[in-house]
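Student: Please take a close look at the aromatic rings of this structure and at the charge placed over them.

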Amino acid sequence: QVQLVESGGGLVQVGGSLRLSCAASGRIFSVIASHWYRQAPGKEREWVAVITSGGITNCASSVKGRFTISRDNAKNTVYLQMNSLKPEDTAVYYCRALTTHGDFWGQGTQVTVSS
């Protein structure tokens, strides 16, 4: 089992920044990749970014150049730095860990970008 707890969401104005955190515990040695997803009201969940156990990163075209995924192995935490936020970035953001023994999700953190 892997437990994931997201934090760092909140209300921010257009053009502002937030950093989301996803703290992992449990069988973290089995994590293959860590992802961020988001789900806006009335929309399907959307993939945002990934960082693999080897440190390879990628992100969706809609956030490329504005969002950066990173991790701190010592803290077992994955981050999503979000800059130049837009109203369309408003969503609940979820962390997902793909492991050798299953797929785990956090409870989500709300990000609201106000204009």
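Tutor: The account below treats the aromatic pair and then the charge over the rings.

This is a predicted model, in which local features need pLDDT of at least 70, side-chain atom pairs count only at pLDDT 80 or more, and totals for chains, interfaces and linings use all residues. Residues are numbered from 1 along each chain as its sequence is written, and side-chain values use heavy atoms, with hydrogens and water left out.

A search of the whole structure finds 1 aromatic pair (rings of Phe, Tyr and Trp, the last by its six-membered ring, with centres within 6.5 Å; planes under 30 degrees apart are stacked, over 60 edge-to-face, the rest tilted). The pair is tilted because the planes of Tyr37 and Trp105 meet at 55 degrees, with the ring centres 4.9 Å apart. Tyr37 belongs to strand 4 and Trp105 to strand 10 (residues 102–105), so distant parts of the chain, 68 residues apart, are linked (strands are DSSP runs of E, at least two residues, numbered from the N terminus).

Tyr37 is buried, at a relative accessible area of 13%, whereas Trp105 is partly exposed, at 35% (buried is under 20%, exposed over 50%, partly exposed in between, with a 1.4 Å probe and protein chains only).

Trp105 also has a charged neighbour: Arg45 lies over its face, 4.7 Å from the ring centre. The charged end of Arg45 sits over the ring of Tyr94 as well, 3.8 Å from the centre of that ring (NZ of Lys or CZ of Arg within 6 Å of the ring centre and within 35 degrees of the ring normal).

Methods. Helix = DSSP H or I, 4+ residues; strand = E, 2+ residues; numbered from the N terminus.
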